[in-house]
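Student: I would like to learn how to read the backbone, helix packing and aromatic features of a model. Could we take them one at a time?

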Amino acid sequence: MQFSSLLSPNDHYKAPPWFVGGKIWPGEQLDGGQGKQRLPFNLYCKFGGRIALPEVLATVFVSVNTTIPVPRILDVVYEGNDLFVLMTRVPGIPADTDAALRSLAPATDVVGSFLQTSNLQRRIDIKHLVGPWPNIAAFHRFLVTQCPEGEGSDVYEEFRRVAPAKLFNKNHRLCFTHGDLAMHNFLIQDGRLSGLVDFECSGWFPEYWEYTGAITFKIEDRWKQAIRNVFGETYAEELEVEYLFLEANDGNF
């Protein structure tokens, strides 16, 4: 996929287009030279350390292969190691988001970003990219290394005791995963889902990873209940193990 630059790589930082959006919608402008910004003409941009190529390609992948309303990527510009990505705001159409994502089939067994590279998984490490792993078993073995035997609190030992039966020994499918199903990433218009945004943590992960992440990562109780209504009790044991993992590695968060 190729994008012709709408902006000269040498000029777009001299007169940044998000400057206009920041003036019109100052409450949405982020400091520090990186983030996302609403723009005129029904556009958004993401730039700097807030965006990477796997997120861009994952967004295009979901757009092409599902009916989920996601931003349309209009242009991608490099400035050194940083990206500037121009995209549309999403239209207001309904979609069965979770079922559509989980129906996407992986090309290999690799657990990782859309490009099968490392990416951000805040439940494992909030600051650094992690992965990839050659398969789900290798991913699970990595989780064990974060709770080494003979170290840490009693929670480490409890994780190591219950994880094999309730998580590792199950036959999980590899699914495309958004990775951050928080309320602020769902856009609602007229009582309907109008879009799903921010694929920064997306990639190919075990089928339970979407559910356990949505439940455990510091979200409101009403949203947790909504997630439970979608998934039911299918991954109750996996959720129990993840709570132990998070407690054992509380220093990462």
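Student: In which hand does helix 4 pass helix 5 in their crossing?

Tutor: Bear in mind that this is a predicted model. Helix 4 passes helix 5 in a right-handed crossing.

Student: What describes two packed helices, and at what angle do helix 4 and helix 5 pack?

Tutor: In general, two packed helices are described by the angle between their axes and the distance between the axes. Here helix 4 and helix 5, the latter covering residues 154–168, pack at about 165°, and their axes are 11 Å apart. Since angles over 145 degrees count as roughly antiparallel, helix 4 and helix 5 are therefore described as roughly antiparallel to each other.

Student: Which residues of helix 4 meet helix 5?

Tutor: His140, Leu143 and Val144 of helix 4 meet Phe159, Arg160, Leu167 and Phe168 of helix 5. Sorted by class, this contact of helix 4 with helix 5 has five nonpolar residues, one polar residue and one charged residue.

Student: How should I read the backbone, and which peptide bond is cis?

Tutor: The general idea is that most residues other than glycine have a negative phi, and that most peptide bonds are trans. In this model the bond from Gly131 to Pro132 is cis, with omega near 0°, and Pro132 lies in the loop between strand 6 (125–130) and helix 4 (136–145).

Student: How many aromatic pairs does a search of the whole structure find?

Tutor: A pair of aromatic rings is described by the distance of the centres and the angle of the planes. The search finds 17 aromatic pairs in the whole structure. In one of them, the rings of Phe61 and Trp204 have centres 5.8 Å apart and planes at 70°, so this pair is edge-to-face. Because Phe61 lies in helix 2 (residues 53–65) and Trp204 in strand 10, the pair ties together parts that are 143 residues apart in sequence. Phe61 and Trp204 are both buried.

Student: Which residues do ring pairs link into a cluster?

Tutor: The cluster consists of Trp133, Phe139, Phe142, Phe205, Tyr208 and Trp209.

Notes: Residues numbered from 1 in each chain as written. Predicted model: local features only at pLDDT ≥ 70, side-chain atom pairs only at ≥ 80, totals over all residues. Heavy atoms only, no water. Helix = DSSP H or I, 4+ residues; strand = E, 2+ residues; numbered from the N terminus. Axes fitted to C-alpha atoms, helices over the stretch in contact; angles between N-to-C directions. Parallel < 35°, antiparallel > 145°, perpendicular 65-115°, else oblique. Left-handed = near helix turned anticlockwise from the far one by under 90°. Contact = heavy atoms within 4.5 Å. Nonpolar A, V, L, I, M, F, W, Y, C, P; charged D, E, K, R; others polar. Phe/Tyr/Trp six-rings, centres within 6.5 Å; stacked < 30°, edge-to-face > 60°. Buried < 20%, exposed > 50% of the residue type's maximum accessible area, 1.4 Å probe, protein only.
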